[in-house]
Amino acid sequence: MNKTILEFIQKASIKGEKLLAILLDPDKTSIEKLAEITSKIEKLKANFIFVGGSFVENDVTDLFVETLKKHTKLPVILFPGDFSQLTNHADALLFLSLLSGRNPEYLIEQQIKSVPFLKNSTLEIIPTGYILIDGGTKSSVLKVSDTKPISQENVELAVATAIAGMYKGKQLIYLEAGSGAKVPVNSRLISAVKKHIAIPLIVGGGIKTKEQLNKAYKNGADLVVVGTAFENNNTFKF
Ligand code: 1GP
């Protein structure tokens, strides 16, 4: 038995078992369709449902996750764009710091703003180093955070950022090409980061095909997150 979601991810990473999360954006997913959507996610054998988005209206997330949990036993992990997207109906929270950016709002301010909610919360809090990589589009994360992504060619900087995250005590590193990225995080970058960290690696952004998914796994991603490709065609198979 795993006591926590983090422990489950750590064990899978050690055993080389690959994990999949489907990302639902409450702003783009209708609550009425959640029964249908969750059954499709379960058929994909996803391990988790991530919930979050860059522009979610206040209070929408709470009802969204409450309804979602009525339809599925899969763990729901919050992947919030900001502190207003927190709810105790979820199981865990990726407590993100945007380490690739130099905007204090997403390095520490949002985290402080979340404390009044989190100190009375039952959510499992998972410290996560979030690293934005250039996916060839002006992604929502880039616009909202007003930060520059790391170039796909700058492997050295991406690796140093991930290692610094690990030294700072992050339990997961998340390489993000941005939702709807033209190009996902490339193989060379994934494998270089993986080689240098001793914590599980999440990869997401722009993954649309089974080939891209397997490539990310092969190069060292422990957990892959798919949003847009599922949203656009949720009969989608991996
Ligand atoms: C999760 O933001 C991504 O890391 C999701 O990206 O929507 O492109 O799958 P896509």
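1. For the residue classes used below, Ala, Val, Leu, Ile, Met, Phe, Trp, Tyr, Cys and Pro count as nonpolar, Asp, Glu, Lys and Arg as charged, and the others, Gly among them, as polar. By these classes the shell around the ligand has four nonpolar, eight polar and one charged residues.

2. This is a predicted model, in which local features need pLDDT of at least 70 and side-chain atom pairs count only at pLDDT 80 or more, while totals for chains, interfaces and linings use all residues. Residues are numbered from 1 along each chain as its sequence is written, and side-chain values use heavy atoms, with hydrogens and water left out.

3. The ligand is surrounded by 13 residues, the closest being Tyr174, Ser179, Gly180, Gly206 and Thr228; a residue is near the ligand if one of its heavy atoms lies within 4 Å of it. β6 and β8 each supply at least two residues of this shell, strands being DSSP runs of E with at least two residues and helices runs of H or I with at least four, numbered from the N terminus.

4. Oxygen atoms of the ligand lie 2.4 Å from a polar side-chain atom of Tyr174, 2.4 Å from one of Thr228, and 2.7 Å from an N or O atom in the side chain of Ser179. Taken alone the ligand exposes 310 Å², of which the protein buries 97%, with accessible areas from the Shrake-Rupley method with a 1.4 Å probe.

5. A pocket, on a 1 Å grid over the protein atoms alone, is an open set of points where a 1.4 Å probe fits, with protein on both sides within 12 Å along at least five of seven lines, and lining residues have an atom within 4 Å of a point.

6. The lining of the largest pocket comprises 48 residues, with Gly53, Ser54, Phe79, Tyr130 and Val141 nearest its centre. β4 (92–98) gives the most to this lining, with six residues.

Methods: Polar contact = N/O pair within 3.5 Å; in protein donor to acceptor, adjacent residues only side chain to side chain.
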